[in-house]
Amino acid sequence: MQQLNAWFTDLLAGNEIFTANTLGYYADGLATTVQLVFLSLIIGLLLAVPMAIGRGSSRPWIKWPIFFYTYVFRGTPLLIQLYIIYYGVVFVEGIQDTWLWLILEEPFYPALIAFTLNTAAYTTEIFRGAIKATNKGEIEAARAYGMSRAKMMRRIILPSAFRRALPAYGNEVIFMLHASAIASVVTIMDLTGAARFVYARFYAPFDAFLFVAAIYLCLTFGILYLFRYLEKRLLAHLRPQN
Amino acid sequence: MKKLLSATLLGAALLAGTAQAQDETVRLAVDIPYEPMEYRLPSGELTGFDIELGNALCAEIGIDCEWVVQGWDGIIPGLLSRKYDAIMSSMTINDQRRQQVLFSDPYFTPPSAWFVPASSDIRTPAKETLEGKSIGVQRGTLQDNYATDMYGDVANVKRYSTAGDMVLDMESDRLDIVFLDFPVGKSTLLDSEEGNYKVVGGMITEPKKYFGDGFGIAFRQRDEDLAQQFNDALATLKENGTYDEIFEKYFGNKKQ
């Protein structure tokens, strides 16, 4: 451990920008970015599945509100949504006195809400497409077995729809990681926030931003690898034999 | 013959070059809004202490000047990549910046100050009182550097892209205290929300390591002639009373 420490100190010696102190900002930023993206993706996914089913419903009072929601959140920039949720809410009279303020005071939760609603809207549309593309033969077979709609959804449609949605969803995860870079406009010290801080402090745009770009590349590589593994496992039946 | 021709061409090109340099307007970069140093009137016109002084300087030198609005984050790289020829945007002279740009003589020395809501129980900006509080600063300013180094380990330093965003968060109770150039805090907090905000801890101008030598106009290192012209003009304006006139207009009669 001591050796490692000495090696690290040697490595940083003579480097004015990347001191242990600034690397600490990057490390905190990495933790914040990963938390923010991971949580918003998980919650967004949980919201998206029922909405994707509802989006394909034939009842207009289920179908149209969900359509309206996805239309609004896919139709406006994420930055605007974040501004409205963070700065806009304070214009509601007396909001500081309600329990909502506990959530909205710190920048983390407004950003989490904006990211979650945004990714849920895109994911809903991805899943809806996958559900719609279910082979009609499978549905007819399920009906012939006398399955109820719910059982058919659970056993036949959703499992195959998830598999079909996997590549598109992997893209959405990467987009979300990159979109999270705007969190720094509401004072969150995420990865981009740390890079902007280091840049502003040392007037060294190349060093600060190239370093952070490398971290984003590593994260993206991890996501790509995970989805490639999942596709290989879950879509094995679609590959030619041998 | 060929040699003569190319020499003539070269000479002509050089002549054209100098002629062009004389006609060219000097572009000054400014980051707005930063009241009362630089901001827009409701009519869209740029105004403020820097703008008026800058125009007076250009008139004194006898050149045409044009203002370019540029965000603070990229204001020095923009100068170095020749998007404009000078920065006159409340930029504090310090050693870090001196490595990148050439500064004029200081034209104004503003103090920094801590601002809190009038109802706040913070009485001094001592380290113990600010423990666990949220401090607002504008990203990349000397106040950011100072607050980060002095209070970063005990308080939550929040960095904003514009002073406007920070004031909004101060008004909505997200911040306990903000650290700003005094003139900016005065016009955005003290004057606009009468009685709702106050200064704690007085005017802060030390240590020099952070607060530097006042505001200067920044030029590219090699534009020494241009910087000299501005320095001479500044000296003239201070002598003939124009400087005091503009100063009076924006900061009342109390000279900091």
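R201(A) is buried, at a relative accessible area of 15%, where buried means under 20%, exposed over 50% and partly exposed in between (1.4 Å probe, protein chains only). The model is predicted, with local features needing pLDDT of at least 70 and side-chain atom pairs pLDDT 80 or more, while totals for chains, interfaces and linings use all residues. Residues are numbered from 1 along each chain as its sequence is written, chains are lettered from A and ligands numbered from 1 in the order in which they are written, and side-chain values use heavy atoms, without hydrogens and water.

The side chain of R201(A) meets that of D149(B) in a salt bridge (2.8 Å, N to O), defined as a side-chain nitrogen of Lys or Arg within 4 Å of a carboxyl oxygen of Asp or Glu. This pair crosses between chains, joining helix α5 of chain B to helix α9 (residues 191-202) of chain A; helices are DSSP runs of H or I with at least four residues, numbered from the N terminus. D149(B) is partly exposed, with 34% relative accessibility. Its helix, α5 (residues 142-151) of chain B, is mostly covered, with eight of its 10 residues buried, among them Y146(B) and Y151(B).

Over all chains, the structure holds 12 salt bridges. Another links R128(A) with E125(A) at 3.3 Å, N to O; both residues lie in helix α6 of chain A, three residues apart, about one turn of the helix. Here R128(A) is partly exposed at 24%, whereas E125(A) is buried at 11%. In chain B, D223(B) and R220(B) pair at 3.6 Å, N to O, and a network of salt bridges links R27(B), D85(B), R220(B) and D223(B).

Definitions and conventions: Helices (H or I, at least four residues) and strands (E, at least two) are DSSP runs, numbered from the N terminus.
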